[in-house]
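Subject: Structure handover

Hi,

My notes on it follow below.

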Amino acid sequence: MSGIAFILKQRGYSISGSDKRKNNVMKKLKSIGITIFDDQKSSNITQIFQNLNEENFVIVISSAISKDNPELKEAYKNNLEVLHRSDILSFLIKKYQSILVAGTHGKTTTSSFISTLFLKNDEDPTVIIGGILPHYKSNSYLGKSKFIIAEIDESDGTHIKYNGDIAVITNLELDHTNHYKDMYSLTKSMNTFANNSQYVIANYDCPNLQKYLTAKAHWCSTVKTNGIDFAAIPISMDGNKTEANYYEKGNLIDSIIINIPGNHNLNNTLLAIAASRLSGISFSDINKNLSFLKRPSRRFEFKGIWNGRKIVDDYAHHPTEIRETISMARLIMKEDIIKEKIKRLIIIFQPHRYSRLQDLMDDFANNLGAADFIILAPIYSAGESKIKGISNSKLRENILEKFPNKPIIISKDFSEIKNILSDHTNENDLILIMGAGDI
């Protein structure tokens, strides 16, 4: 929402909004002249409407806004036009040559990598994504070129509204079970998104995309070259960088080096290279700028050192993301990257949505169990009602069934987590914070 608001304001629209949070994003929006109300109440709508006195007055909501929201109720009371954020994003996308990034994991990172490669190759794209891009220090940017790079959210099914020039699909796994009842309904909607696009770039290494994607695609792989449009086969990988041989249609082009560890990040990079190549950027220009790629905020973001403990923050909230993040942590732990050997991996995990925890409970338990010590933060409901029998205690039971004697502590709040860290962690532990809520 904030990214769209920023772009619209830069394009000359009058923008107002409300948010209970007081953070850097809100400060940024206020600094460019956007009116931000610190609370959501009906009088906000009345005040804006009376002050502007304009006929073209639109209320924009996200899927997180409930029907009993006082602002929304006041808008309907006054017969104002109400649009979903996806309608506004679709309106913006139609004004550009678009690269739309969808998928269960890696959307923000892949979008950020594509944006960086375009920026460094003088394409100056407009960008709207779900995280903070390192080079823009923002989740949005109004560029001067014909391109827009947008991260597309499939969580509420609105991705079927978009008609992109290039669709990039990172992977496909059952998620957002509050909206999709099964894998069939999810793949059906993703196929609609793909078929609405002129070109499709897809991750061959994802079994579900191989099996279910019906659109003709330019396939990318980090494991094979035969029959693959774009491939990057690892040569070496450590906690600091990855080197791979890059292929197009089975032909070796050159080697590439990215200063980011983890096979999933090599995959994200390959998708970004493919999107750049299909947009007309030469491989030589791409290759010389790969060194500029950086992970977005909250993607294994090193925050600092506290009492000898290394603190890393990550957005992982799905079992597969947890598995990949832990795998990267283990890779880094071998490298002595911060002078002294890291001894243990401590995970602080905040489950996101009761429905996700319920439907993927076993997968969460299997992947969290790879940590040496686990702290479970209170569940972030994301507006959902509690589900009977679904709790951190149930998650703890499931982990212990698979990993007996695994040290796990359930915290009642964030303050207690600080005390747990003081009492149960040691110097040279790596503390990995994970979750998509307010952790």
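Leaving aside residues up to four places away in sequence, isoleucine 169 touches Ala102, Met190, Phe193, Ala194, Val200, Ile201, Ala202, Asn203, Leu209 and Leu213. Contact means heavy atoms within 4.5 Å.

Before going on, some ground rules. This is a predicted model: local features need pLDDT of at least 70, side-chain atom pairs count only at pLDDT 80 or more, and totals for chains, interfaces and linings use all residues. Residues are numbered from 1 along each chain as its sequence is written, and side-chain values use heavy atoms, with hydrogens and water left out. Helices (H or I, at least four residues) and strands (E, at least two) are DSSP runs, numbered from the N terminus.

Ile169 is also among the residues that touch the most other members of the largest nonpolar core, which has 40 residues. At least two core residues come from each of helix 1 (2–10), helix 2 (24–31), helix 5 (85–93), strand 5 (97–102), strand 9 (166–169), helix 7 (183–195) and strand 10. A nonpolar core here is a set of buried Ala, Val, Leu, Ile, Met, Phe, Trp, Tyr and Cys residues joined through side-chain atoms within 4.5 Å. Buried means under 20% relative accessible area, exposed over 50%, and partly exposed in between (1.4 Å probe, protein chains only).

Threonine 170 sits in the loop between strand 9 and helix 7. Its relative accessibility is 1%, so threonine 170 counts as buried. With residues up to four places away in sequence not counted, threonine 170 touches Val101, Ala102, Gly103, Thr104, His105, Gly106, Lys107, Thr110, Asn203, Leu209 and Leu271.

Ten strands form an open sheet with mixed pairing, in the order 7-6-8-5-9-10-11-12-13-14. Two strands pair if DSSP finds at least two bridges between them. Strand 7 (138–141) and strand 14 (251–258) are the edges; each has a single partner strand, so one side of each is left without a neighbour in the sheet. The twist averages 20° from one strand to the next. For angles, axes are lines fitted to C-alpha atoms, for helices over the stretch in contact, and values run from 0 to 180 degrees between N-to-C directions.

Some pairings to check:

- Strand 5 and strand 8 (residues 147–151) run parallel, joined by five bridges. Serine 98 stands opposite isoleucine 148.
- Strand 10 (residues 199–203) and strand 11 (residues 218–221) run parallel, joined by three bridges. The chain crosses between them through helix 8 (residues 207–212), and this β-α-β crossover is right-handed. That term means that, with the strands pointing away from the viewer, the path from the first strand over the helix to the second runs clockwise.
- Strand 11 and strand 12 (residues 230–237) pair in the parallel sense over two bridges. Cysteine 220 has phenylalanine 230 as its bridge partner.

Helix 1 lies across strand 6 (126–133) and strand 7, at about 35° to strand 7.

Strand 18 (residues 373–376) pairs with strand 19 in the parallel sense over three bridges. There, isoleucine 375 stands opposite isoleucine 409.

In helix 13 (residues 361–368), Met361, Phe364, Ala365, Asn367 and Leu368 are buried. These pack against elements including helix 11 (319–333), helix 12 (354–359) and helix 14 (392–402).

**Aromatic pairs**

The structure holds six aromatic pairs. Rings of Phe, Tyr and Trp (its six-membered ring) pair if their centres lie within 6.5 Å; planes under 30 degrees apart count as stacked, over 60 as edge-to-face and the rest as tilted.

Tyrosine 13 and phenylalanine 91 are edge-to-face, at 6.4 Å centre to centre with 85° between the planes. They are 78 residues apart, and the pair links distant parts of the chain. Tyrosine 204 and tryptophan 219 are also edge-to-face, at 5.8 Å and 85°. Tryptophan 219 counts as buried at 17% relative accessibility.

Best wishes
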